[in-house]
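Visitor: Hi, I'm new to this one. Could you walk me through it?
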Amino acid sequence: MELWQERSRNSILCSDLVAQRFGLDSHALAQVVERYPMRITPHQFELIRQADDPLGCQVIPDPRELLDDSLLVDPLNEEQLSPVPHLVHRYPYRVLLLVAGSCFSYCRFCTRKRKVGCSSMSVSLGDILKGIDYIAEHPEVNEVILSGGDPLTMSDRLLDDVLARLSRIPHLQVVRIGSRAPVVMPERITDALCALLRRYQPVYFLTHFNHPREITEATVEACQRLVRSGVIVANQTVLLRGVNDNSETLFKLFHTLYRLQIRPYYLHQMDLTCGTSHFRTRLEDGIAIMDDLRGPLSGLAVPSYIVDLPGGHGKVPVTPDYVQRLGDHARLRAADGTLVDYPQS
Ligand SMILES: *Cc1c(COP(=O)(O)O)cnc(C)c1O
Ligand code: SF4
């Protein structure tokens with residue numbers, strides 16, 4: 001067994017243990033876990049100081065998850081956009097292939113909270129092959145995004161098999177892998193994995209840091225191994241109330257990622273997912289943060305602030321209100337607040 005598999009086996013699944021360690025009500029925790037699974041990797045568990053710190057909030061079950069039944073179970077309408085199980089085809093030229101049903105740890109704010117780690121999400125090799133057939137039969141598809149769950153919960157051997165099959169589809173040009181492993185299970189990013197990915201270039205790797213405290217010696221090393229192997233690493237962050245919803249935290253996060261050659265790609269507004277409302281921020285909070293970042297932060301380190309519209313309408317950028325008036329003359333608002341006339345003819 002590889003080290004990461006052993007570490008994965010030692011992940012914390014027992015809510016009593018978490019309750020004990022952080023002084024929480026174990027009955028309340030157990031109730032949440034009955035509905036939404038809990039899993040915390042040893043790496044994460046060691047970093048959490050208190051249940052309500054930025055790392056604890058992300059993975060320790062919260063009774064508020066059960067109070068919120070108003071929001072949507074499948075906010076992005078993914079089930080409707082699935083021509084075959086576990087494949088989402090929303091944009092014309094790229095598809096999302098959910099190749100894994102579980103993750104190394106379960107984020108309490110997850111969009112696919114309705115099914116990650118549950119039996120309805122378990123993906124068989126047969127399902128994956130059907131997804132690959134679908135891509136082979138659709139010549140317009142030039143990119144596949146491997147997601148889940150976490151694709152890196154697959155063994156190297158299975159991942160290699162999937163990538164080899166994909167690489168034989170002539171019209172498929174780019175593979176993207178979305179994985180939180182570098183952050184929560186850095187042991188997973190082995191030299192063997194990097195060598196494997198290198199063989200299937202171009203591979204884009206999208207990881208998921210939400211807070212500067214997640215950037216540790218081990219996570220940095222994991223990302224550097226990927227970067228050294230020629231994989232382009234980018235990052236998506238979810239804007240989370242009480243975790244990272246302020247300019248200072250995000251400035252530090254994005255700048256540090258940038259310095260590590262990890263390009264901040266998206267800052268996601270929380271989806272309207274059932275059981276996650278205690279994490280949601282208001283749109284104007286996100287807009288104000290983006291407004292603070294633009295200017296002080298290198299342009300290359302500024303992500304797009306994105307809302308994935310409910311109902312499967314796709315992602316749209318939310319930008320600060322730079323354009324004040326249009327017509328013959330536009331008026332643009334500078335970062336320092338000055339309104340500058342900008343002729344259009
Ligand atoms: C987010 C998403 C993508 C990728 O979109 P990009 O803007 O290219 O990152 C593709 N398909 C689906 C269904 C998605 O939700
Ligand atoms: S790693 Fe991604 S898919 Fe898995 S629980 Fe977290 S947000 Fe959801």
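This is a predicted model: local features need pLDDT of at least 70, side-chain atom pairs count only at pLDDT 80 or more; totals for chains, interfaces and linings use all residues.

Visitor: Is Cys-107 buried or exposed?

Guide: Cys-107 counts as buried, because its relative accessibility is 14% and the cut-off for buried is under 20%.

Visitor: And what is Cys-107 in contact with?

Guide: Gln-58 and Arg-180, if you leave aside neighbours within four places in sequence.

Visitor: Which residues does the UniProt "binding site" annotation cover?

Guide: In the unreviewed UniProt entry, that annotation covers Cys-103, Cys-107 and Cys-110. From this set, Cys-107 and Cys-110 are part of the lining of the second largest cavity.

Visitor: Where is Cys-103, then?

Guide: Cys-103 is in the loop between β2 (94-98) and α7 (125-136). Cys-103 is buried, with a relative accessible area of 17%.

Visitor: What does Cys-103 touch?

Guide: Not counting residues up to four places away in sequence, Cys-103 touches Arg-39, Val-116, Gly-149, Asp-150 and Thr-153.

Visitor: Gly-149, okay. Which loop is Gly-149 in?

Guide: The one between β3 (143-147) and α8 (156-167). There's a cis peptide bond there too, joining Gly-148 and Gly-149, with omega at about 20°.

Visitor: What about the peptide bond from Gln-201 to Pro-202?

Guide: That peptide bond is cis as well, with omega near -5°. Pro-202 belongs to the loop between α10 and β5 (203-207). As background, most peptide bonds are trans.

Visitor: New topic: where does UniProt place the "modified residue" feature?

Guide: At Lys-315, where the unreviewed entry gives "modified residue: N6-(pyridoxal phosphate)lysine". Lys-315 is in strand β9 and counts as partly exposed, at 31% relative accessibility.

Visitor: Which residues is Lys-315 in contact with?

Guide: Leaving aside neighbours within four places in sequence, the contacts of Lys-315 are Arg-90, Tyr-91, Tyr-266, His-268, Ile-306, Val-307 and Asp-308.

Visitor: How many bridges join β8 to β9?

Guide: Four, and the two strands, β8 (residues 304-309) and β9 (residues 314-317), run antiparallel. Leu-309 stands opposite Gly-314 in β9. The hairpin has four residues between the strands, and Gly-311 takes a positive phi near 90° in this hairpin.

Visitor: Which residues are buried in helix α13?

Guide: In α13 (residues 283-293), Gly-286, Ile-289, Met-290 and Leu-293 are buried. They're on the same side of α13, because they cover an arc of only 100° around the axis.

Visitor: What covers the buried residues of α13?

Guide: The cover includes α12 (247-259), β7 (263-268) and β8. Just after α13, Gly-295 takes a positive phi of about 115°.

Visitor: Which residues other than glycine have a positive phi?

Guide: Among them are His-86, with a phi of about 65°, and Gln-261, with a phi near 65°. His-86 is in the loop between α6 (64-67) and β1 (87-91), while Gln-261 is in the loop between α12 and β7.

Visitor: Are those two buried or exposed?

Guide: His-86 is buried, with a relative accessible area of 13%, whereas Gln-261 is exposed, with a relative accessible area of 58%.

Visitor: Last topic: how many salt bridges does the structure hold?

Guide: It holds 20 salt bridges. One of them pairs Glu-187 with Arg-7, and their closest N and O atoms are 2.7 Å apart. Glu-187 lies in the loop between α9 (181-184) and α10 (191-198), and Arg-7 in helix α1 (residues 3-9), so the pair ties together parts that are 180 residues apart in sequence.

Visitor: What about Glu-187, buried or exposed?

Guide: Glu-187 counts as buried, at 18% relative accessibility.

Methods:
Residues are numbered from 1 along each chain as its sequence is written. Chains are lettered from A and ligands numbered from 1 in the order in which they are written. Side-chain values use heavy atoms; hydrogens and water are left out. UniProt positions are given in the numbering used here, feature names are shortened, and annotations may be inferred rather than shown by experiment. On a 1 Å grid over the protein atoms alone, a cavity is a set of points where a 1.4 Å probe fits but cannot get out, and a pocket is an open set with protein on both sides within 12 Å along at least five of seven lines; lining residues have an atom within 4 Å of a point. Buried means under 20% relative accessible area, exposed over 50%, partly exposed in between (1.4 Å probe, protein chains only). Contact means heavy atoms within 4.5 Å. Two strands pair if DSSP finds at least two bridges between them. The arc is that of the directions from the helix axis to the C-beta atoms. A salt bridge is a side-chain nitrogen of Lys or Arg within 4 Å of a carboxyl oxygen of Asp or Glu.
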